[in-house]
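Work through the following exercises with the sequence and the structure at hand. Each task is followed by a solution in steps.

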Amino acid sequence: MIRNKLNNFDVGTLNYFITRAFLTGFLFNALLNLIRQDSWIIPILGIIIGIIFTLLIIYIFNYKPNLNFAEKLTSLFNRKLGSILTIIFCIFCFFMCTLTYLNLNNFIHGQYLSKTPTIAISIVCIIAIFYTLTKGLNTIAKTGNILFYIAMILFFISFLGLLPFIKIENLKPFFTSKPNNYIESLNCFYSFNIVPMLFLTILPKDKINNPKLKKTLILSFLLSSFTMFIVMFSTLASFGYELTSLYKYPEFHVLKNISLMGLEARIESILIIQCIFDFFMFVVLTIYFIANSIRSISNYKNINLLYGVLCILLVILTNYFSRYNVYLDDFALKYVKIPVLIFSIVFISIICIKIKSNKKNKTN
């Protein structure tokens, strides 16, 4: 039986994946540079910020629940200004999508297919992404559900396998960084792992069966934060800061310690697939967000053509920027988090203030 609506679990799994997408290759490396062996504490401290942000997302969801994000903007403002704001946000969304897809290609190339050109990896991945998109939102949600169950199994196997190697001494000394470094680390967590929740607003609330979005988003975000905490804690407690900082993807290399039923050869390559799921679902949802936003403000009917154009553009851009991979981490750490912080706060503040103003005018 084909469902006409999503359920709360569908939304929760999507939220889980998109809030984890920047952990591998971006967030963990940034935190190691900023607060070293204390990196594991940031997902815990960031929970308060995440809950506050979730409440703002719910506030936007509740405004005209039959509309998606782009339609809400054109409803709040006039059509011209709403369309301009939608385009600006779509550009921001595509920028985040490009960073994630570039990281996906680099991860697969570096850890699995080192002799395969990145352009070939990019094309194969984008075909899978395009196919998923063309099947519609229900298929995207079902894909997320299946990947979520697999990811949870792999996560618990990974954690249990690393327990014998965890040594608290490797985390000492505690809290040796400057206060400014912790604030900057929380900014990284907010910019890369909390802000993407805004992309879920492309889903009209009335397309969700018996929506309990506040509970769903908070619980899925808590689960996401918990798994990120476990990943950082287990890696640092097993390797220590000095060894962890030597690797581009330390959460991958630490899994080489695990032996499963006597199988030691490349078991980490299976366990780390959960990170690829994060990348994949993030790219799928962001392209879905952009294409459906464009359709909302332009009334363009052929959504599959929009998916195709965006996928082709994504492959072209990632292939071009792949030549600058050596600068990618420094660029993300130094030049991305502050603009994302400012843009997201200003953008959400404008929307929430306008919603409040519209509600006040109606009551008057």
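**Exercise 1.** Decide whether Thr201 is buried or exposed in this predicted model, and list what surrounds Thr201.

Solution. Thr201 sits in the loop that joins α8 (179-194) to α9. Step 2: apply the cut-off. A residue counts as buried under 20% relative accessible area; Thr201 has 0% relative accessibility, so Thr201 is buried. Step 3: list the contacts, leaving aside neighbours within four places in sequence. These are Ile57, Ile60, Phe61, Asn68, Phe69 and Phe289.

**Exercise 2.** Compare the span of α8 with the expected span, and name the buried residues of this helix.

Solution. Step 1: α8 has 16 residues. Step 2: at 1.5 Å a residue, 22 Å is expected from the first C-alpha to the last. Step 3: the helix reaches 21 Å, which is close to that value. Step 4: the buried residues of α8 are Tyr182, Ser185, Asn187, Cys188, Phe189, Tyr190, Ser191, Phe192, Asn193 and Ile194.

**Exercise 3.** Describe how helix α1 (residues 8-18) and helix α9 (residues 213-239) meet.

Solution. Step 1: find the geometry. The two axes come within 8 Å and cross at roughly 35°, and the crossing is right-handed. Step 2: list the residues on each side. From α1 come Asn8, Val11, Gly12, Asn15 and Tyr16; from α9 come Leu213, Thr216, Leu217, Ser220, Phe221, Leu223, Ser224 and Thr227. Step 3: sort them by class. The contact has six nonpolar, seven polar and no charged residues.

**Exercise 4.** Which residues have the most contacts inside the largest nonpolar core, and which helix gives the most to this core?

Solution. Step 1: the core has 123 residues, and those with the most contacts inside it are Tyr101, Ile129, Leu133, Leu203, Ile287 and Phe289. Step 2: helix α13 (residues 273-298) gives the most, with 15 residues. Step 3: take Ile287 as an example. Beyond its neighbours within four places in sequence, Ile287 is in contact with Cys97, Ile129, Leu133, Tyr307, Leu310, Cys311 and Leu314.

**Exercise 5.** Is Ile303 buried or exposed, and how far is Ile303 from Gly136?

Solution. Step 1: Ile303 belongs to helix α14 (residues 303-321). Step 2: its relative accessibility is 14%, so Ile303 counts as buried. Step 3: Ile303 and Gly136 are 167 residues apart in sequence, and their C-alpha atoms are 9.9 Å apart in space. Step 4: leaving aside neighbours within four places in sequence, Ile303 is in contact with Ala291, Asn292 and Arg295.

Technical notes
Residues are numbered from 1 along each chain as its sequence is written. This is a predicted model: local features need pLDDT of at least 70, side-chain atom pairs count only at pLDDT 80 or more; totals for chains, interfaces and linings use all residues. Side-chain values use heavy atoms; hydrogens and water are left out. A nonpolar core is a set of buried Ala, Val, Leu, Ile, Met, Phe, Trp, Tyr and Cys residues joined through side-chain atoms within 4.5 Å. Buried means under 20% relative accessible area, exposed over 50%, partly exposed in between (1.4 Å probe, protein chains only). Helices (H or I, at least four residues) and strands (E, at least two) are DSSP runs, numbered from the N terminus. Contact means heavy atoms within 4.5 Å. Axes are lines fitted to C-alpha atoms, for helices over the stretch in contact, and angles run from 0 to 180 degrees between N-to-C directions. A crossing is left-handed if the near helix is turned anticlockwise from the far one by less than a right angle, and right-handed if clockwise. Ala, Val, Leu, Ile, Met, Phe, Trp, Tyr, Cys and Pro count as nonpolar, Asp, Glu, Lys and Arg as charged, and the others, Gly among them, as polar. The expected span of a helix is 1.5 Å times one less than its number of residues.
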